[in-house]
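Subject: Handing over the structure

Hi there,

Here is the structure I promised to pass on. Have a look at it first, and then read on for what turned up inside.

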Amino acid sequence: MDDKKPELSAASKGNLRPKNFKKNPIIGTKFTIAISSAKGGVGKSTFATNLALALKKIGLKVGLLDADIYGPSIPKMFGIDDKPKSDGQKLEPITKYDIQCMSIGFLTDQQTPMIWRGPMVTSAIKTFTQKVSWKDLDFLIVDMPPGTGDTQLTFSQEIKMDGAIIVSTPQEVALLDVKRGIKMFDKLGVKILGLIDNMSFFNGDDGKRYKIFGDGGVKKTAEEFNKEFLGEIPISPEVGRCGDEGKPIVEADAENEISKIYLELAKKIKSTYL
Ligand code: ADP
């Protein structure tokens, strides 16, 4: 037996990574935070864009990486039509609203579906994490694709992730997937900063609060898994409109009640890391 072979940790035996395997930091940023949702359509990209803008508004340098290769949203939500420049070695992020942005959507025709197999997705993620010249960022916010697939694995196993926030609506069907998402990050050793309940209620003109997708499910799930509950974001037509117009609500109207929720959250994240 060759006793010089690196020892394998229990968690890494499955993928044969040595115990002292070092995850790559993303050059140019202090902290990398994933915004994840187990299910699509719960407002993950809306959350990622607005959180990035809120962190900027409190004076931090922020990047936004759209890692949703099959369904990139950042070009639309930030109203970016340009192509990133390259010096032959590295891609330059496109800066909008003082946020350094990168998305596969900048490189492809927006209406062409990405028909890629897993290894191509992995390779695109590696390009975005190793070959983009992010500059002096405090935080890189990563908009993950929904689910627990190749992108999550590549990030969690190979890249130094400093935290993850899981976004969900309170519906049972979304929560089931959230539980899978929590277990995935726990298993891969990525710290979950907490869970957000997006589109949790709607304040009607009649003064009543309508719990359209159910009540308290995200908070209950957070408690069940001993994770922090980071709060509720109501449904607001403004949020959708601003996203569609390429200027997310935090940038369009910092005084809006939803923008204030994002700003509070940004302060909390800042005080956690800096
Ligand atoms: P995901 O990234 O999870 O697929 P998106 O961020 O694209 O979800 O959001 C899905 C839709 O829901 C978008 O049309 C978005 O504008 C809308 N949306 C997200 N959050 C809210 C909210 N708090 N209020 C109203 N609409 C919202």
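A cavity here is a set of points, on a 1 Å grid over the protein atoms alone, where a 1.4 Å probe fits but cannot get out, and its lining residues have an atom within 4 Å of a point. Grid points are joined across faces, edges and corners, and a volume is the space filled by probe spheres set on the points. This is a predicted model, in which local features need pLDDT of at least 70 and side-chain atom pairs count only at pLDDT 80 or more, while totals for chains, interfaces and linings use all residues. Residues are numbered from 1 along each chain as its sequence is written, and side-chain values use heavy atoms, leaving out hydrogens and water.

There are two cavities of 30 Å³ or more. The largest has a volume of about 50 Å³, and its lining includes Ser36, Thr148, Ile166 and Phe185. Helix α5 (residues 172-187) gives the most to that lining, with four residues; helices are DSSP runs (H or I, at least four residues), numbered from the N terminus.

The second largest cavity holds about 30 Å³ of space. Among the residues that line it are Pro25, Ile26, Lys30 and Asp162.

Leaving aside neighbours within four places in sequence, Leu51 is in contact (heavy atoms within 4.5 Å) with Ile35, Ile141, Ile165, Tyr262, Leu265, Ala266 and Ile269.

Enjoy exploring!

Best wishes

Technical notes:
1 Å grid on protein atoms, 1.4 Å probe; cavity = no way out; pocket = protein on both sides within 12 Å on 5 of 7 lines; lining within 4 Å. Helix = DSSP H or I, 4+ residues; strand = E, 2+ residues; numbered from the N terminus.
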